[in-house]
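Please look through the sequence and the model below before reading on.

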Amino acid sequence: MNQRQDIFRNIPSVNELIESEEISKLTNIYPRQLVVDAIREVLDNIRQSIRNKRRSKVDNETSSQTADISPQSLCLLIQQEIQGKLSGIEHAINATGIILHTGLGRAPLTEEASRQLQNVTTSYCTLEIEKTSGSRAIRYHCIEQLICMLTCAESALVVNNNAAAVLLALDTLAKDKEVIISRSQLVEIGGEFRMPDVMQKSGAILVEVGTTNKTYLSDYSNAITERTGLILKVHQSNFKIVGFTDTVDLKDLVSLGQIHNIPVTYDLGSGALINLQKYGMPYEPTVQEAIKAGVDIVTFSTDKLLGGPQGGIIAGKKRWLDLLKKNPLTRALRVGKLTIAGLEATLKQYLEEDTAVKKIPVINMLLTPLNVIEDRCKRIINNINPKIMSMLDISIVDGFSEMGGGALPGERIPTRLISVYSKQLNAEELAMRLRTYTPPIFGRIEYGRILLDMRTVCDEEVKMIAAALEKISGFSGNCVI
Ligand SMILES: *Cc1c(COP(=O)(O)O)cnc(C)c1O
């Protein structure tokens, strides 16, 4: 019992710690209150863990003495506690090879978009004002013109994301009405976004037609009643049905809708503005194609293949878009100036296709030739100390990247990767060390090795990865202040 109390007495107080040499340094970097709170939390945890250990041992022998309460160890714990509290969104290195990775923020922006964000956010900006008259204007004016120019749509609107775009279209055109959709298109997009749930939220009544693998035009026409509000087509953006299949051409759906005066909406998902087949990539439907087929409304994300900030575009016939714009939900789903600035700058790159291909990072990454990717791998290897190379067993291997983000599902894009293997540390431990490095590095694990895909890594990040690999192979739990 005495010994137990001694142990508790040995734990320094909050005051002692905050005055100590190591920890007082922390108050130069972080607000004092934050440090004090972190100290309290760390000390509480230590006391609790001693109590737990006591409880699990009948005899109160020396186990609790294993709690390391040296100033260095406490400093590290306190620092980790603070960093845990403060760690929010930060630069990360995507070495997963998944170009549109929702967990890693989807599309990185063009330099132009990022510069434009800086320009309009550190000062006032012309968000809703017309310069010549000085009168109030519509915030979507320029962006709508750009979308119409690029896609040949009559009218367009931008909302918070594509889920919001679908919701707004359904709420406006199909509330308490029936929406006809093929059973092969009841998609779950991820993040629990399921088409049927969104439809329900909007008050639309789902009418499923066809089967999982085959849906014919007659399935749609047989389902049309006076209660039908909308025909909806959803792009199978993240999966593929192969084999004995049949879907209805968008053009045929459009004709059917026209005969019955029912709008046809196409949820395109990724929203490609460039025909990727021209560049040797597999087919992915474009927005222009959908508009040309005569669809009434098309909805797509702006942070997927389009390569902009998070947003959703609704484009199509003026007649329907005018109704959407009047819906009070539009105000609730509206985007801010950051989105508008970033998206305008991104869309402007598409006015010249060659420029877009060069400058939009996601397209550029998709089309990066293998020799460039291999060069990045070689530069990493050349940058690593040979001693560490032998410790870690690092080599260049072949593999595949993926588009991700609901585009080019199932398509494997050949790539080169850095493979890292360690006899001392298992792949999970190595991956964890890379993830907790600054900046965090995300790769994938295959057959007990870490694979780092250089397709999604930019040139400036190559050196950082080399430095990280050197650092994580060391075994010191260094307290870096
Ligand atoms: C990604 C996707 C969505 C959701 O888009 P967000 O912009 O993430 O809201 C909806 N429908 C389809 C077909 C998609 O691929």
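Is Asp-296 buried or exposed? Asp-296 counts as buried because its relative accessible area is 9%, where buried means under 20% relative accessible area, exposed means over 50%, and partly exposed lies in between (1.4 Å probe, protein chains only). This is a predicted model, in which local features need pLDDT of at least 70 and side-chain atom pairs count only at pLDDT 80 or more, while totals for chains, interfaces and linings use all residues. Residues are numbered from 1 along each chain as its sequence is written, and side-chain values use heavy atoms, with hydrogens and water left out.

**Overall make-up**

- The protein has 21 helices and 16 strands, where helices (H or I, at least four residues) and strands (E, at least two) are DSSP runs, numbered from the N terminus.
- Taken along the principal axes, the box filled by the C-alpha atoms of the protein is roughly 90 × 55 × 50 Å.
- Of the 481 residues in the protein, 47% are buried.
- The accessible surface comes to about 24300 Å², and 50% of this surface belongs to carbon and sulfur atoms; such areas come from the Shrake-Rupley method with a 1.4 Å probe, and for residues only the protein chains shown count as cover.
- Among the contacts in the protein with a separation of 6 or more, 74% are between residues 24 or more positions apart, a contact being heavy atoms within 4.5 Å.

**The five-stranded sheet**

- Five strands make up an open sheet with mixed pairing, in the order E2-E12-E13-E16-E15; two strands pair if DSSP finds at least two bridges between them.
- The edge strands, each of which pairs on one side only, are E2 (98–100) and E15 (444–446).
- From one strand to the next, the twist averages 40°, with axes taken as lines fitted to C-alpha atoms (for helices over the stretch in contact) and angles running from 0 to 180 degrees between N-to-C directions.
- Strands of a sheet pair through backbone hydrogen bonds, in either a parallel or an antiparallel way.
- E15 and E16 (residues 449–453) run antiparallel and are joined by three bridges, and within this pairing Arg-444 has Leu-451 as its bridge partner in E16, while Glu-446 stands opposite Arg-449 in E16.
- The hairpin of E15 and E16 has two residues between the strands, and Tyr-447 in this hairpin takes a positive phi near 50°.
- E13 and E16 also pair in the antiparallel sense, over four bridges, and Ser-419 stands opposite Leu-451 in E16.
- E16 is mostly covered, since four of its five residues are buried.

**Helices against the sheet**

- Helix H18 (residues 370–383) lies across strands E12 (394–404) and E13 (413–420), and H18 runs at about 5° to E13.
- Helix H20 (residues 427–435) packs on the sheet and touches E13, E15 and E16, with its direction making about 40° with that of E16.

**Salt bridges**

- The whole structure holds 25 salt bridges, each being a side-chain nitrogen of Lys or Arg within 4 Å of a carboxyl oxygen of Asp or Glu.
- Lys-317 forms a salt bridge with Asp-296, and their closest N and O atoms are 3.8 Å apart.
- This pair links distant parts of the chain, 21 residues apart, with Lys-317 in the loop between E11 (312–316) and H13 (318–326) and Asp-296 in the loop between H12 and E10 (297–301).
- Lys-317 counts as partly exposed because its relative accessibility is 24%.
- Lys-278 forms a salt bridge with Glu-353, with the closest N and O atoms 2.9 Å apart.
- Lys-278 counts as exposed at 56% relative accessibility, whereas Glu-353 counts as partly exposed at 26%.
- Glu-429 forms a salt bridge with Arg-433, the closest N and O atoms lying 2.9 Å apart, and both residues lie in helix H20, four residues apart, which is about one turn of the helix.

**Ser-270**

- Ser-270 is placed in the loop between E9 and H12, and this serine counts as buried because its relative accessibility is 0%.
- The side chain of Ser-270 reaches the backbone nitrogen of Leu-305 at 3.3 Å.
- Not counting residues up to four places away in sequence, Ser-270 touches several residues, including Glu-284, Phe-300, Leu-305 and Gly-405.

Conventions. A polar contact is a pair of N or O atoms within 3.5 Å; within protein, one must be able to donate a hydrogen and the other to accept it, and residues adjacent in sequence count only if both atoms are side-chain atoms.
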